[in-house]
Every structure is written in C-alpha cells, then in structure tokens.
Amino acid sequence: QVQLVESGGGLVQAGGSLRLSCAASGRTFSSLAMGWFRHAPGKEREFVAAIVFGAGIYSDSVKGRFTISRDNVKNTVYLQMNSLKPEDSAVYYCAANRFISRDYAQYDSWGQGTQVTVSS
C-alpha cells in the first residue's frame with residue numbers, strides 16, 4: 001500500500017486554471033503508475049489521466065486542457081488543469097497501481113480527494 005494525499009483544489013471561474021498535487025509515501029514511487037479520477041454527484045467515477053513513464057494518457061473530455069506529470073524526487077504527481085469548465089467540477093482523487101490503467105477498479109491505493117468547483 002501507498003499513502004496518498006491530494007491538495008490544490010478550490011473554487012475557480014470558468015476558463016481558469018488549477019494545479020492539483022498528490023504526495024505519495026510508503027512504496028517505491030518511481031515504479032508506480034499514478035492516476036487521477038474524478039467523481040461528481042450523480043455521476044460515475046471517471047478516469048481523468050494517468051502516467052507511469054513519459055507522457056500520460058487522458059480521457060477525451062480533458063485531453064488538450066489537462067496535463068499530468070510527476071516528480072520522482074518529490075514523490076509527487078501533478079494535474080495541471082487549464083481552460084476549466086463547470087462540468088469539470090468534482091472531487092478529484094489520485095490513485096496508485098503497479099500498471100497504468102483507465103479502470104479505477106485496477107488501482108489499489110487512493111487519496112482522500114480534493115474538491116474542484118468551477119463557476120460559470
């Protein structure tokens with residue numbers, strides 16, 4: 001298991017930007033696949049982005065607007081969110097797994113989540 005703590009959420013106007021951070025501890029971070037998911041009220045948990053080495057993978061709804069990156073020295077994964085839309089409002093969770101996946105059920109470690117609210 002790895003412990004994950006998200007930060008960086010908040011309230012932002014449409015068109016604005018936020019950067020989420022997820023600090024990891026407890027396992028060898030550099031070998032882990034890291035994912036971001038989001039959960040809005042009344043909706044299913046949704047894949048946002050994931051990364052293991054090099055470039056990340058993204059959902060179609062955020063591709064071109066969000067960027068996932070990681071710092072293996074700081075044991076932290078980031079989600080830079082630009083051109084935010086009201087429909088991006090959700091609780092955002094980071095997750096860790098041995099291999100990269102778009103399926104939240106594959107991830108075995110989760111953070112507590114951070115709220116992102118985008119006003120119109």
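Predicted model: local features only at pLDDT ≥ 70, side-chain atom pairs only at ≥ 80, totals over all residues.
Residues are numbered from 1 along each chain as its sequence is written, and side-chain values use heavy atoms, with hydrogens and water left out.

What does Asp88 form with Arg38? The two make a salt bridge, with their closest N and O atoms 2.9 Å apart; the term stands for a side-chain nitrogen of Lys or Arg within 4 Å of a carboxyl oxygen of Asp or Glu. This pair links distant parts of the chain, since Asp88 is in the loop between strand 8 and strand 9 and Arg38 is in strand 4, 50 residues apart. Arg38 has 6% relative accessibility, so this residue is buried as well. Arg38 also forms a salt bridge with Glu46, where the closest N and O atoms are 2.8 Å apart. Glu46 is partly exposed, because its relative accessible area is 30%. Now look at Lys63 and Asp60, whose side chains meet in a salt bridge at 3.5 Å, N to O. Lys63 is exposed, and so is Asp60. Through salt bridges that share partners, Arg38, Glu46, Arg65 and Asp88 are joined into one network. By this rule, the structure has four salt bridges.

Now step back to the whole chain. The protein chain has zero helices and 11 strands; these are DSSP runs (helices H or I, at least four residues; strands E, at least two), numbered from the N terminus. The radius of gyration is 13 Å, close to the 14 Å that the globule rule gives for 120 residues, so the chain is as compact as a globular protein of that length. This radius is taken over C-alpha atoms, and the globule rule is 2.2 Å times the number of residues to the power 0.38. Along the principal axes, the C-alpha atoms fill a box of roughly 40 × 30 × 25 Å. Of the 120 residues, 46% are buried. Among contacts (heavy atoms within 4.5 Å) between residues at least 6 apart in sequence, 59% join residues at least 24 apart.

Next, the inside. How many residues does the largest nonpolar core have? The number is 29, and those with the most contacts inside this core are Met34, Trp36, Leu79, Met81 and Tyr92. A nonpolar core is a set of buried Ala, Val, Leu, Ile, Met, Phe, Trp, Tyr and Cys residues joined through side-chain atoms within 4.5 Å. Among the elements that give two or more residues to this core are strand 3 (18-25), strand 8 (76-81) and strand 9 (90-97). A second, separate core of five residues includes Phe37, Phe47, Ala95 and Tyr107. As for Met81, its partners beyond four places in sequence include Leu18, Leu20, Phe66, Tyr92 and Val116.

A pair of aromatic rings is described by the distance of the centres and the angle of the planes. The structure holds five aromatic pairs; rings of Phe, Tyr and Trp (its six-membered ring) pair if their centres lie within 6.5 Å, and planes under 30 degrees apart count as stacked, over 60 as edge-to-face and the rest as tilted. The rings of Phe37 and Trp110 have centres 5.2 Å apart and planes at 55 degrees, so this pair is tilted. Phe37 lies in strand 4 (residues 33-39) and Trp110 in strand 10, 73 residues apart. Phe37 is buried because its relative accessibility is 1%, whereas Trp110 is partly exposed at 27%. Tyr107 and Trp110 form an edge-to-face pair, 6.3 Å centre to centre with 65 degrees between the planes. Phe37, Phe47, Tyr93, Tyr107 and Trp110 form one aromatic cluster.

Conventions: Buried < 20%, exposed > 50% of the residue type's maximum accessible area, 1.4 Å probe, protein only.
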